[in-house]
Amino acid sequence: AELRRWVGEVLPEYMVPSVVVVVDVLPVTRNGKLDRAALPVPEVSGSGSGRGPRSAVEEILCGVFAEVLGVEVAVVGVDDSFFDLGGDSLLAMRLVSRVRSVLSVELSVRVVFEASSVAALAVWVGGVSGGVRPGVGRVVRSGVVPLSFSQRRLWFLNRLEPLSAVYNLPVVLRLSGGVDVGVLRGALGDVVGRHESLRTVFPEVGGVACQRVLDPAE
């Protein structure tokens, strides 16, 4: 705890190690590099004995914290910081995704850093207005569909260097046994049919590029 407090004076909170483990020597591989797999697994311990959740939101968030961090729910104290329990920036992104799914609330990673405990995050969720995501429904395309940002980038780079192979991804597969060409063709057809991005072309209408999704057969 003393070491973490000292580090916290010179580093932002999200960079402070959540757990400090003392080892006699760092394990290395035969190449002399750090053998991360041989490092001891840190034991993360929260307050656990603190007050329990006072609302359904706090109870749900305790479960989400435990799920993302891979610990028992009993370890998560309502007032424990997500990062003190072993969280980091990558896990914070997973936490955001789970909160969105479970509570249908739009949440940013920045909020997790600013309200890192279950109690603080529950207050934020309770005070959000208009943050609930509307249901996703299927719509029928009509008219000219504009390109997305990433599609415009692809289209522009292709016009800038038509012969560039920068987005070609060669893959070599070694298969053993006989290949059923009909089954392979059907499998590839299923993938193309499922993912529209694999059958989307960028025609130009009035000099402006747009997107058109081809039928699988086409």
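A crossing is left-handed if the near helix is turned anticlockwise from the far one by less than a right angle, and right-handed if it is turned clockwise. Keep that in hand for the first stops.

The model is predicted, so local features need pLDDT of at least 70, side-chain atom pairs count only at pLDDT 80 or more, and totals for chains, interfaces and linings use all residues. Residues are numbered from 1 along each chain as its sequence is written, and side-chain values use heavy atoms, with hydrogens and water left out.

**Stop 1: α2 and α5**

Select residues 56-69 for helix α2 and residues 118-127 for helix α5. Helices (H or I, at least four residues) are DSSP runs, numbered from the N terminus. The two pack at an angle of about 125°, with axes 9 Å apart. Axes are lines fitted to C-alpha atoms, for helices over the stretch in contact, and angles run from 0 to 180 degrees between N-to-C directions. α2 and α5 are therefore oblique to each other. Oblique is what remains after roughly parallel (under 35 degrees), roughly antiparallel (over 145) and roughly perpendicular (65 to 115). Their crossing is right-handed.

Now show side chains. On α2, pick V57, E58, L61, C62 and F65; on α5, pick V118, A119, L121, A122 and V125. These residues meet, contact meaning heavy atoms within 4.5 Å. By class, the contact of α2 with α5 has nine nonpolar, no polar and one charged residues. Nonpolar covers Ala, Val, Leu, Ile, Met, Phe, Trp, Tyr, Cys and Pro; charged covers Asp, Glu, Lys and Arg; the others, Gly among them, are polar.

**Stop 2: α2 and α3**

The axes of α2 and α3 come within 10 Å and cross at roughly 140°. α2 and α3 are therefore oblique to each other. α2 passes α3 in a right-handed crossing. From α2, select V57, I60, L61, V64, F65, E67, V68 and L69. They meet L91, R94, L95, R98, V99, V102 and L103 in α3. The contact of α2 with α3 has 12 nonpolar, no polar and three charged residues.

**Stop 3: F82**

Buried or exposed? F82 counts as buried, because its relative accessibility is 0%. The cut-offs are under 20% relative accessible area for buried, over 50% for exposed, and partly exposed in between (1.4 Å probe, protein chains only). Leaving aside neighbours within four places in sequence, F82 is in contact with F65, V68, L69, G87, D88, L91, A92, L95, V112 and S116. Draw a C-alpha to C-alpha distance from F82 to A92: 8.3 Å, at 10 residues apart in sequence.

**Stop 4: the aromatic rings**

How many aromatic pairs does a search of the whole structure find? Three. Rings of Phe, Tyr and Trp (its six-membered ring) pair if their centres lie within 6.5 Å; planes under 30 degrees apart count as stacked, over 60 as edge-to-face, the rest as tilted. F82 and F83 are edge-to-face, 5.4 Å centre to centre with 85° between the planes. F83 and F113 are stacked, at 4.8 Å and 5°. That pair links distant parts of the chain: F83 sits in the loop between α2 and α3, F113 in helix α4 (residues 109-114), 30 residues apart. F83 is buried at 3% relative accessible area, whereas F113 is partly exposed at 25%. Select F65, F82, F83 and F113 together: they form one aromatic cluster.

**Stop 5: S116**

Finish at S116, in the loop between α4 and α5. S116 counts as buried, at 11% relative accessibility. Not counting residues up to four places away in sequence, S116 touches E13, F65, D80, S81, F82 and F83.
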